[in-house]
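Visitor: I would like to learn how to read the features of a model like this one, step by step. Could we start with the terms and then turn to the case at hand?

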Amino acid sequence: MMATPPTDNDPIIPNPTYMGYVRGIFTEDDINHMAPKGVDLSTYAGVQGNATNIFLQTLQPDGPMPPAGYPKWSANRSQNFKTWILNNYPLGAPEAPVALWKAALDAAPGVRVRKNVDSLHADEVTALTKAFEGIIALDTSDPNNPNGYYQVAGIHWFPVARQCQHHVQAYNPWHRIYVRKFEDALRSIPGCENVTLPYWDIESGSVPRLFSQPPFNQYTARQGVGVGFPTPYTTSRFDDATILQNLASSGVTQSIQDALGQPRFGSYLTGGFQKSIIQAHDDGHGSTGPTMSRQEVAAFDPIFWFFHCNWDRMFLSWQTLVNGTTLNGFKSTLDGDTSWLTFPPLKPWPQTCADAVPAEADVQYEALATGALRALRHTAGSIDAIRPFAIAHSSRVSVRVKNINRLNIPGTFIVKLLADGEEVARHAFFQPVDAEECLTCKEQGLIPIDFNLDLDKVQGRKLSVAIEVPHDKEIGGSFPLSRAGNPTINARLLLEEAQ
Ligand code: HEM
Ligand SMILES: [Cu+2]
């Protein structure tokens, strides 16, 4: 076999970074062939850990990697890779796509175009209404019908599956499958085969009018939804003005922007996309109403589906921004552990995170979030000291309330940051009432809440923290910090890698 000549289209790059350049060198073939040999070319940690060896193996003219038949590295590529090593492996940021796509109205046949609720045509509203009514009607005729509203909504917690996929790495992939299952149920209704679930753009500053008309305004479960809830149970929601005010005071748009600006996936406990997007999600639940605030029953409120469709859109938006729409592209954004991708399965379904992470080829959103316009910067309270760092512009400070023992708190709670007694920020934490009974919750009993604020909002003022449990009448709102595990506070200026 003739050796492939070195590929020579890489320019010399003065400051190559992992996110901006290095990860793009390795093809799916390279990654798949080297993984069984213990060389992980799909993650930052893997490439950094093997960097010298990789450099030597791929150096032309004699380097054996990639083997004959595969494109060889050019001298420029080797040079760039060496510069990256000498510069201490900078992580950097991906080059954001200049413009995110808008789904063409003539999308390929079979593609599910999920539209903004506010841009549905009258006939689309009619079909969606019919589909919702259709699956609600399945409730009574056969409670075990997999497409019944009660049944699908019950998977979230009560009464069917008692799933708690929150604050964990599987949160986005699990909900991606869940949203699709619900959409499949809608499409099972005769005449509704092409219905797609629209999304509520929660950053839009309005609550779509559609949500106030039946069957989207409320839902009544006749079968009973679990201990502590009346039968029949009817969902309830705050009025639009309250919802909008709550979204604003918990900074949902800010959290989304923080999330979309992160080049790393991270985790709920540490930071990155995952920390901020889950915070925005929790705040969205807490802002929307009594039903949406309670993990046990949230999925019964019809708004839940439009709301979660939007979080899937956010996940896809972020994946698009960081070139993470394939499994390996996504892996390149992870720190360390990737084992959660393949185990365990996302119960009650057989798929794993690895199955649900890649962008679904047959799903498009009318518009992805406009995060492309925001600079992707790895901003966090702490970063690896091996790399040069900068204090993030506009002096934002991260106030972290650390080690809140959420297992002691009965249900979703709100943490408030007060300056001279006046509320300057609040965040919700979404959980079931009996968190101490839930295996997932117990694994992460101590949780941090981060407030990212402009320094001048808090500087020189007397700060304090309060916890409230709004739905618990007995507690009457406020919850003593001493019973929440005596959390501690730290405040850090946000740091970012110097570019
Ligand atoms: C840019 C792409 C690649 C890089 C950076 C790379 C890197 C490496 C490195 C560092 C080693 C040495 C492992 C060690 O010291 O234990 C190695 C060995 C090996 N690689 Fe790759 N590899 C690449 C692509 C491939 C591809 C595409 C294949 C298969 C088609 C492949 C097959 C092998 C095999 C069979 C060995 C063991 C060779 C031996 O021990 O003689 N590699 N590679
Ligand atoms: Cu949710």
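This is a predicted model: local features need pLDDT of at least 70, side-chain atom pairs count only at pLDDT 80 or more; totals for chains, interfaces and linings use all residues.

Visitor: Where does Arg-406 lie, and is Arg-406 buried or exposed?

Guide: Buried means under 20% relative accessible area, exposed over 50%, and partly exposed in between, with a 1.4 Å probe and protein chains only. Arg-406 lies in the loop between strand S7 (396-405) and strand S8 (413-419), and its relative accessible area of 2% is why Arg-406 counts as buried.

Visitor: Which residues does Arg-406 touch, and what does its side chain reach?

Guide: Contact means heavy atoms within 4.5 Å. Not counting residues up to four places away in sequence, Arg-406 touches a set that includes His-167, Phe-413, Phe-429, Gln-444 and Ile-447. A polar contact is a pair of N or O atoms within 3.5 Å; within protein, one must be able to donate a hydrogen and the other to accept it, and residues adjacent in sequence count only if both atoms are side-chain atoms. In this case the side chain of Arg-406 reaches the backbone oxygen of Gln-444 at 3.1 Å.

Visitor: How should I read helix H8, and which of its residues are buried?

Guide: In helix H8, residues 240-249, the buried residues are Ile-243, Asn-246 and Leu-247. Seen down the axis of H8, these fall within an arc of 100 degrees, taken from the directions from the helix axis to the C-beta atoms, so they line one face of the helix. That buried side packs against helix H9 (252-260) and helix H10 (272-288), whereas the face turned away from it carries the exposed residues Ala-241, Gln-245 and Ala-248.

Visitor: Which residues touch the most other members of the largest nonpolar core?

Guide: A nonpolar core is a set of buried Ala, Val, Leu, Ile, Met, Phe, Trp, Tyr and Cys residues joined through side-chain atoms within 4.5 Å. The largest one has 108 residues, of which Trp-200, Trp-305, Trp-311 and Ile-404 touch the most other members. Helix H12 (residues 303-321) gives this core its largest share, 12 residues. A second, separate core of 21 residues includes Met-19, Val-47, Ile-85 and Leu-91.

Visitor: How many residues surround ligand 1?

Guide: A residue is near a molecule if one of its heavy atoms lies within 4 Å of it, a rule that applies to a strand as well. Ligand 1 is surrounded by 15 residues, the closest being Met-34, Lys-37, Asn-53, Met-65 and Pro-67. The elements that give two or more residues to this shell are helix H1 (28-34) and helix H3 (51-58), and H3 provides the largest share, four residues. An oxygen atom of ligand 1 is 3.1 Å from an N or O atom in the side chain of Asn-53.

Note on methods:
Residues are numbered from 1 along each chain as its sequence is written. Chains are lettered from A and ligands numbered from 1 in the order in which they are written. Side-chain values use heavy atoms; hydrogens and water are left out.
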